[in-house]
Amino acid sequence: MAESFVNHVSEGYLRYTQFRALQHFSSAALSVLSTQSLLYAAGMRPTPAQATVVSWILKDGMQHMGKLICSNLGAQMDSEPKRWRILADVLYDLGTALEIFSPLCPPLFLQTAGLGNFAKGMAVVAARATRLPIYSSFAKEGNLSDLFAKGEAISTVFNVLGLGAGIQLVSTVCSSMQGKLIVGPILSIIHIYGVSEEMRATPVNTLNPQRTAMIVEDFLKTGKVPSPVDLRYKEDLLFPGRLIKDAGNVKVGRDLHKAIKPSRLKELREMFPNEKFILSCGNRWTDMVLEHNASGEDALRGWLVAAYTSDMEKSVTKQNLHVLEEAYEKMKSVMPILLPELQAKGWHTDRFLDGKGIRFRF
């Protein structure tokens with residue numbers, strides 16, 4: 001049965017699961033340490049078992065505030081789920097650190113505990129919001145529910161084990177503040193390392209600005225189309241917005257009036273008839289403005305034009321409309337070959353997740 005299940009998930013799922021277990025184990029152990037510190041700071045002397053119970057109450061109480069703060073960030077989480085998943089755990093550990101340090105400043109207990117729980121509340125929402133796109137990247141045959149169920153089972157098992165380890169720690173080496181200050185950072189490092197490796201192993205198969213640029217770059221250099229598995233370890237999870245020179249230095253999502261001069265808008269629309277993108281080439285980057293219903297295929301078409309234009313400009317003294325038109329014709333000849341290969345490799349080209357949601361009606 002296990003072998004059959006592995007055959008129905010994408011490559012990298014085993015490594016993802018291993019580090020997910022490590023992440024949940026260290027996170028649960030860390031939560032027990034932080035909760036006991038909070039209760040000490042409040043003047044209580046809890047037992048390890050009491051600290052375990054109260055940790056759930058404190059965590060759940062701040063989720064509502066986190067939802068309010070994160071409600072406007074959903075598009076960014078869709079575009080970069082791996083980055084936001086790591087950020088969620090960084091926020092969680094930041095909140096935990098504040099809770100652990102709270103006994104050091106009893107007069108500021110409410111402020112410290114409040115900030116800590118606020119950060120952890122945001123972390124919970126961000127982690128839950130990114131769960132579906134991450135699980136979806138592993139589902140090969142519509143088995144998303146099965147993946148989700150098994151993933152949650154693994155999380156539960158290692159959370160329980162982590163809570164048990166946390167109880168042992170607060171009863172022994174972490175019974176003093178000095179012990180918490182040593183063990184806490186170690187658990188936090190293990191936690192962040194686990195989620196980072198977990199996300200690096202995830203082959204997200206939706207098109208966003210970074211992955212589209214990397215596909216174009218690889219295609220122009222090698223003539224081959226990379227798969228989500230090929231790109232997963234090349235993604236920049238800290239600074240995904242960096243421009244890629246060999247892919248045309250394309251920037252997506254700027255306001256129309258900032259990206260394109262009004263005097264050039266009509267001219268550029270006529271240059272790309274029936275397209276759902278407009279390109280404006282500048283000295284440092286190329287702005288791409290997308291129509292409100294543009295898909296991943298439309299974004300890819302515009303990206304190829306920008307990349308071909310950038311490559312052709314190396315042999316001329318200045319950019320002109322003739323170069324842009326020639327690049328456009330070259331893109332049209334390549335797309336019938338490139339698009340089927342992309343879809344065969346598992347990429348979803350029916351949507352483009354730019355993370356900003358700035359689209360226009362032309």
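Q: Let's start with Asn205. Is Asn205 buried or exposed?
A: Asn205 counts as buried, because its relative accessibility is 13% and the cut-off for buried is under 20%. Keep in mind that this is a predicted model.

Q: Where is the place of Asn205?
A: Asn205 is in the loop between helix H10 (177-200) and strand E1 (206-207).

Q: And which residues does Asn205 touch?
A: Leaving out residues up to four places away in sequence, Asn205 touches Ser136, Ser137, Pro228, Gly346, Trp347 and His348.

Q: Zooming out. How many helices and strands in the protein chain?
A: The chain has 16 helices and five strands. It has 362 residues, and 49% of them count as buried.

Q: What share of the contacts join residues at least 24 apart?
A: That share is 76%, counted among contacts between residues at least 6 apart in sequence.

Q: OK, the inside. How many residues has the largest nonpolar core?
A: It has 48 residues. Met288, Trp303, Val305 and Leu338 have the most contacts inside it.

Q: Which elements give two or more residues to this core?
A: H11, strand E2 (250-252), helix H13 (256-259), H14, E3, strand E4 (286-290), helix H15 (296-313) and H16 do. H16 gives the largest share, with ten residues.

Q: You listed Leu338. What does Leu338 touch?
A: Leu338 touches Phe219, Val225, Leu300 and Leu304, again not counting residues up to four places away in sequence.

Q: Which residues are in the second core?
A: That separate core has twelve residues, including Val32, Leu163, Val183 and Leu187.

Q: Back to H11. Why is H11 largely enclosed by the rest of the structure?
A: Because ten of its 14 residues are buried. Among the buried ones in H11 are Arg211, Glu217 and Asp218, along with Met214, Ile215 and Phe219.

Q: What does H11 reach from its first C-alpha to its last?
A: H11 covers residues 209-222 and reaches 20 Å, close to the 20 Å expected at 1.5 Å a residue. Just after H11, Gly223 takes a positive phi of about 80°.

Q: New topic. How many aromatic pairs does the structure hold?
A: Five. One of them is Tyr135 with Phe148: the ring centres are 5.4 Å apart and the planes are at 65°, so this pair is edge-to-face.

Q: Which parts does that pair tie together?
A: Tyr135 lies in helix H8 (residues 131-136) and Phe148 in helix H9 (residues 144-171), so the pair ties together parts 13 residues apart in sequence. Tyr135 is buried at 0% relative accessible area, whereas Phe148 is partly exposed at 35%.

Q: And what about Phe272 and Tyr328?
A: Their ring centres are 5.3 Å apart with planes at 75°, so that pair is edge-to-face. The pair links distant parts of the chain, 56 residues apart: Phe272 is in the loop between helix H14 (262-271) and strand E3 (277-281), and Tyr328 is in helix H16 (residues 321-344). Phe272 is buried at 0%, and Tyr328 is buried at 5%.

Q: Which residues form one aromatic cluster with Tyr328?
A: Phe272 and Phe277.

Q: Last one. Where does the charged end of Lys251 sit?
A: Over the ring of Trp285, 3.4 Å from its centre.

Terms used. Residues are numbered from 1 along each chain as its sequence is written. This is a predicted model: local features need pLDDT of at least 70, side-chain atom pairs count only at pLDDT 80 or more; totals for chains, interfaces and linings use all residues. Side-chain values use heavy atoms; hydrogens and water are left out. Helices (H or I, at least four residues) and strands (E, at least two) are DSSP runs, numbered from the N terminus. The expected span of a helix is 1.5 Å times one less than its number of residues. Buried means under 20% relative accessible area, exposed over 50%, partly exposed in between (1.4 Å probe, protein chains only). Contact means heavy atoms within 4.5 Å. Rings of Phe, Tyr and Trp (its six-membered ring) pair if their centres lie within 6.5 Å; planes under 30 degrees apart count as stacked, over 60 as edge-to-face and the rest as tilted. A charge sits over a ring if NZ of Lys or CZ of Arg is within 6 Å of the ring centre and within 35 degrees of the ring normal. A nonpolar core is a set of buried Ala, Val, Leu, Ile, Met, Phe, Trp, Tyr and Cys residues joined through side-chain atoms within 4.5 Å.
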